[in-house]
Every structure is written in structure tokens, then in C-alpha cells.
Amino acid sequence: MAIAEIVAVPEVTPAGRRSRTLWERAKPLVYALIVPALLLAFWQVATTQQWTRLIPTPYQVGEYMVDFAVGGIYDDAYSGTLVTHLLASMSRVYGGFALAALFALPIGLMIGRMPTARMLLDPFLQVMRPIPVTAWLPLSMILFGLGSRSAFALVCLGAFYPILLNTIFGVRAVDPKLFEAAAMLGCRGNAQFYKVVLPAAMPSIFTGLRLGLGLAWFVIVVGEMTGVPQGLGAVIMDARTLSRTDLVICGMFVIGLAGYLSDRVVVVIGNRLLRWSPSHHG
């Protein structure tokens, strides 16, 4: 009795497919820029309406950022010195982070895997963990002196605990059924550590590495309060003393951008090594 209606489905043209593909590629970038754009607009309004007289406008900060990078505008002591200070901070961040990983990974594996090591080390480390890095600043200057070694030690300390705790969690969270399956396949004893424990804990370990590297950039300002002549933290502290708010904001921006790019590198490496893990997404 009823005649079925044939609904015409509009044909997607190649131009439509291309525009859809372009939007899908650009969508993450567009969404990522929304919050910074809103904050930038608020900053512009707040400074032009003189809600505060101590913060420069975005244009003034951008102008000084160009001078900080290449010089030629203000020609002061910081003009064209960005690369020098950035490289100095990067050497301390990556060096301290590498040293922290060198200690935290094996200790975390031992605590997570060996009950004796857990009873011996875990209580002490949990007592030391809440002590902020800033509290270690005077002691580090006594132990290591003024300069780069103190900064290096403080960065290492800041990156140590996130790597340690995530490594412990990853090892202890290994499903016991994996050990049973490995034993049925003939994998027993120490071989289970390399073929079961370590691969299963790798997602948590990479999460710890990301957090540790982020904390290393976070701590670099404190680390470079130890009298180092070069570094982004030293620039920020000098700018605070000189009431150079524009230079403070430039230093903050460079640290944030460098930390973000460093994190992206760790994410790319983790995604390549952990392609087999469905729960790992950068």
C-alpha cells in the first residue's frame, strides 16, 4: 500500500572531501588557539584600559621578545641573548633530567618488584618527597657551591620523584595473569622481568618521564637562583630585581614553549615505542 520514498543522498564532491580533510587537519590547531587568543584579548583590554599599570601590553612584550631574540631595538644587556640563555638552561634541564632518570628508573623497578627493597627504601623516600625543591636551595649551595652544579642538582631532584613514583606504580600494576601466561610459554625467573614486567610498565614509565621533564623546566627558575650568570631563570630573577616586567614575561614564555616542545619529543618517542599499547595516547 505504501510506496517507499527514495531519499536522494547528496554526492560528496572531491572539493567537499578536500575541505573536510583540511578542516579535520586544522581542527586541533584551531581548538588549541582558542584559549590563548581569549587570554591575549583579555590581556590587551586589561592593559589598554589601565586596570593595571605594572603589566606591559602584548605589543610591548612582543617587541621586546624580538629584541631579546635578535637585538636591534633596545640594545641593552639582554638584546640578542635569547639563544645563549636558552642553551644554558637546556643543558641544566636535560642534564638534570637524565641524571634523575638514571637513578629513579632502577630504584623504582627495585621497589616495585622486590618487597625487601620496598620495605627498605619506600618509607624514607616518601618522607623526603614532600620537601619542596625551594627548601633544598640553601643546602644545595652549601653542598655544591654557587653556580651550575647547584642548579643541576635541584633540577635533578625536581625530576626524580615523578619518574620514581610512576615507575613503581607501573611495575606493581602488572597483571598477575601475565606471569602465569609467560610461565606456560616457558618464560620463568629473571626472564619474566625483561619480557613481562618491563614492557607492561613502560606506559607508566613514559608518563613519569613526561612529568619529570615538565618538573625539570618548572624547577629551572629555582635552580638558577644559585648565582649562575646565564640561563632563563637567571634572566627572570634579574628582571624582577630591575622591575623589567616585559623581560620576566618573555622568560616565562620561552620556558613554557621549550617545555612544551620537549614534552612533544617524549610523546613522539613514547608513541613509537608503545604502538602495541592501546591505552597509551600522547
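1. Gln-50 sits in the loop that links α1 (14-48) to α2. Helices here are DSSP runs of H or I, at least four residues long, numbered from the N terminus. The phi of Gln-50 is positive, near 60 degrees, and the residue is not a glycine. Most residues other than glycine have a negative phi. Gln-50 is partly exposed because its relative accessibility is 48%. The cut-offs are under 20% relative accessible area for buried, over 50% for exposed, and partly exposed in between (1.4 Å probe, protein chains only).

2. A word on the basis. This is a predicted model, in which local features need pLDDT of at least 70, side-chain atom pairs count only at pLDDT 80 or more, and totals for chains, interfaces and linings use all residues. Residues are numbered from 1 along each chain as its sequence is written, and side-chain values use heavy atoms, with hydrogens and water left out.

3. Ser-243 is in the loop between α9 and α10. Its phi is also positive, near 60 degrees, in a residue other than glycine. Ser-243 counts as exposed because its relative accessibility is 61%.

4. Helix α2 has 13 residues. Buried residues in α2 are Pro-58, Val-61, Tyr-64, Met-65, Asp-67 and Phe-68. Gly-71 follows the helix, with a positive phi near 75 degrees.

5. Phe-68 leads on to the core. The largest nonpolar core has 46 residues, and Phe-68 and Leu-164 have the most contacts inside it. Such a core is a set of buried Ala, Val, Leu, Ile, Met, Phe, Trp, Tyr and Cys residues joined through side-chain atoms within 4.5 Å. At least two core residues come from each of α2 (58-70), α3 (82-113), α4 (115-128), α6 (148-172), α8 (191-223), α9 (232-241) and α10 (245-273). Another core, of five residues, lies apart from it; Val-133, Leu-137, Leu-154 and Val-222 are among them.

6. Beyond its neighbours within four places in sequence, Phe-68 is in contact (heavy atoms within 4.5 Å) with Tyr-78, Ser-79, Gly-80, Thr-81, Leu-82, His-85, Val-235, Leu-247 and Cys-250.

7. Helices α9 and α10 pack at about 160 degrees, their axes 8 Å apart. Axes are lines fitted to C-alpha atoms, for helices over the stretch in contact, and angles run from 0 to 180 degrees between N-to-C directions. The pair is therefore roughly antiparallel. Angles under 35 degrees count as roughly parallel, over 145 as roughly antiparallel, 65 to 115 as roughly perpendicular and the rest as oblique. Leu-232, Val-235, Ile-236, Ala-239 and Arg-240 of α9 make the contact with Leu-247, Val-248, Gly-251, Met-252, Val-254 and Ile-255 of α10.

8. The axes of α3 and α4 come within 6 Å and cross at roughly 120 degrees. That makes α3 oblique to α4. From α3, Ile-107, Met-110, Ile-111, Gly-112 and Arg-113 meet Pro-115, Ala-117, Arg-118, Leu-121, Asp-122 and Leu-125 of α4.

9. Arg-172 belongs to helix α6. It is exposed, with a relative accessible area of 52%. Leaving aside neighbours within four places in sequence, Arg-172 contacts Gly-112 and Arg-118. Its C-alpha is 10.0 Å from that of Gly-108, a residue 64 places away along the chain.

Key
The expected span of a helix is 1.5 Å times one less than its number of residues.
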